[in-house]
Amino acid sequence: MQGESSVRAGLRRGAPLVLPTLALGVSFGVTARPVIGVAAPITMSVLVFSGGAQFAALSVLSAGGGLVSATVAAVLMNARWLPMSFALAPSLTGRPGKRALEAQAIVDASFAMAGRGDGTFDRGLLIGATLPQASAWITGTIAGVFASGLLHNPDALGLDAVFPAFYLALLAEEIRARTEPHELRTVGTVIALATAITLGLMLFSAPGLPTIAASSAALAGLRTWGSR
Amino acid sequence: MSGVWILIGVLFVVTVAFKAVGPLLLGQRTLAPRAASVISLLAPALLTSLILSQTFNAPSTGLQVDARLVGFVVAGVALARRLPIVAVIVLAAGATALTRLVAG
């Protein structure tokens, strides 16, 4: 079955992320335990499965911020999945409930890997790539919560450099997949716009917002489509 | 601490809704070529933004340049030399860790 083989392809492509995600999960568990205890971080990793949102909430709470601002920070971090959800929608098949369930496999890395470059997405690859990341994130959180006393400063291992490096690798693939000069020009424009928007907004806005705003850089695709 | 459980509940419901709303509202309508063109550029836009915000974010607002920049540059060099993804990740984390160790 084609679907099955693309799930397997997704598992293979998600595999390099298992160790780094495990390590990040550990670092979340270690950091969370003194702030919100044992059960809450584990439940959060199972239900929410979002490093960005969970670290955002945690950093507000540990800085002494209120629950409302912690929730808002975390929600803002995940709002970038809203445009991704619309982008993915036409590539899903079956009944609405099934499609909505499959869309839960959206996370940044899997979304980028599952894109075919023509605006459609490989649903099996998306799900396959998310499964190992979810297991690693949850396992890591549990390990971190219980090993909290052993590892005091996860940043000493450079774990916070893991995801930017991985995203940079995915971005390089996005660029290499575009061979036509006009395609390269467009993706260059998008990257430049996204850079300007992100760095500009980071100067004064809450975390999460710059990334949502930067997704509008993709609208550069309208102009080049028209000029072709 | 029961407030934390409310946070988790709200975050869970909102996150599920963010991911489900596209398929539920848009259905399986086929994409206009213009829309497909924009959607295929969403990944590079978001990746660029995530890289920058995770490399330069400061504890509150503003930009902060620290050891993460070294990891970012090392990752870029490793990618330019076409090293495998796992090597890129390990080198970036190692370079960041080493910088922190040296800079104390």
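Q: What is the handedness of the crossing in which H10(A) passes H4(B)?
A: The crossing is right-handed. The term applies when the near helix is turned clockwise from the far one by less than a right angle, and left-handed when it is turned anticlockwise. The model is predicted, with local features requiring pLDDT of at least 70 and side-chain atom pairs pLDDT 80 or more, while totals for chains, interfaces and linings use all residues. Residues are numbered from 1 along each chain as its sequence is written, and chains are lettered from A and ligands numbered from 1 in the order in which they are written.

Q: At what angle do the axes of H10(A) and helix H4 of chain B cross, and within what distance do they come?
A: The axes of H10(A) and H4(B), residues 67–80, cross at roughly 35 degrees and come within 9 Å. Axes here are lines fitted to C-alpha atoms, for helices over the stretch in contact, and angles run from 0 to 180 degrees between N-to-C directions.

Q: Which residues make the contact of H10(A) with H4(B)?
A: H10(A) contributes A:Pro164, A:Ala165, A:Leu168, A:Ala169 and A:Ala172, and H4(B) contributes B:Gly71, B:Phe72, B:Ala75, B:Gly76 and B:Leu79. Contact requires C-beta atoms, placed from the backbone, to lie within 7 Å. These residues comprise 8 nonpolar, 2 polar and no charged. Ala, Val, Leu, Ile, Met, Phe, Trp, Tyr, Cys and Pro count as nonpolar, Asp, Glu, Lys and Arg as charged, and the others, Gly among them, as polar.

Q: What makes up the contact between H10(A) and H5(B)?
A: A:Val162, A:Ala165, A:Phe166 and A:Ala169 of H10(A) meet B:Ile85, B:Val88, B:Ile89, B:Ala92 and B:Ala93 of H5(B). By class, the residues of this contact are 9 nonpolar, no polar and no charged. The two helices pack at about 145 degrees with axes 8 Å apart, and their crossing is right-handed.

Q: Which helix gives the most to the side of chain A that touches chain B?
A: Across the interface, 87 residues of chain A are in contact with 69 residues of chain B. Helix H10 (residues 162–176) of chain A gives the most to the chain A side, with 12 residues. That side divides into 62 nonpolar, 19 polar and 6 charged residues.

Q: How do you know that the span of H10(A) agrees with its 15 residues?
A: The expected span of a helix is 1.5 Å times one less than its number of residues. For H10(A) the rule gives 21 Å, and its end C-alpha atoms are 21 Å apart, so the two agree.

Q: Why is H10(A) called largely enclosed by the rest of the structure?
A: A residue is buried if 20 or more other C-beta atoms lie within 10 Å of its own, exposed if 12 or fewer, and partly exposed in between, with C-beta atoms placed from the backbone. In H10(A), 11 of the 15 residues are buried, so the helix is largely enclosed. Its buried residues pack against H2, H8 and H11 of chain A together with H3, H4 and H5 of chain B.

Q: Why is B:Leu42 called buried?
A: B:Leu42 has 26 other C-beta atoms within 10 Å, and is therefore buried. Leaving aside its neighbours within four places in sequence, B:Leu42 is in contact with A:Pro83, A:Met84, A:Ala87, A:Ser215 and A:Ala218.

Q: How does the radius of gyration of chain B stand against that of a compact globule of 104 residues?
A: Chain B has 20 Å, whereas such a globule would have a value near 13 Å. The radius is taken over C-alpha atoms, and the globule rule is 2.2 Å times the number of residues to the power 0.38.

Terms used:
Contact = placed C-beta atoms within 7 Å. Helix = DSSP H or I, 4+ residues; strand = E, 2+ residues; numbered from the N terminus.
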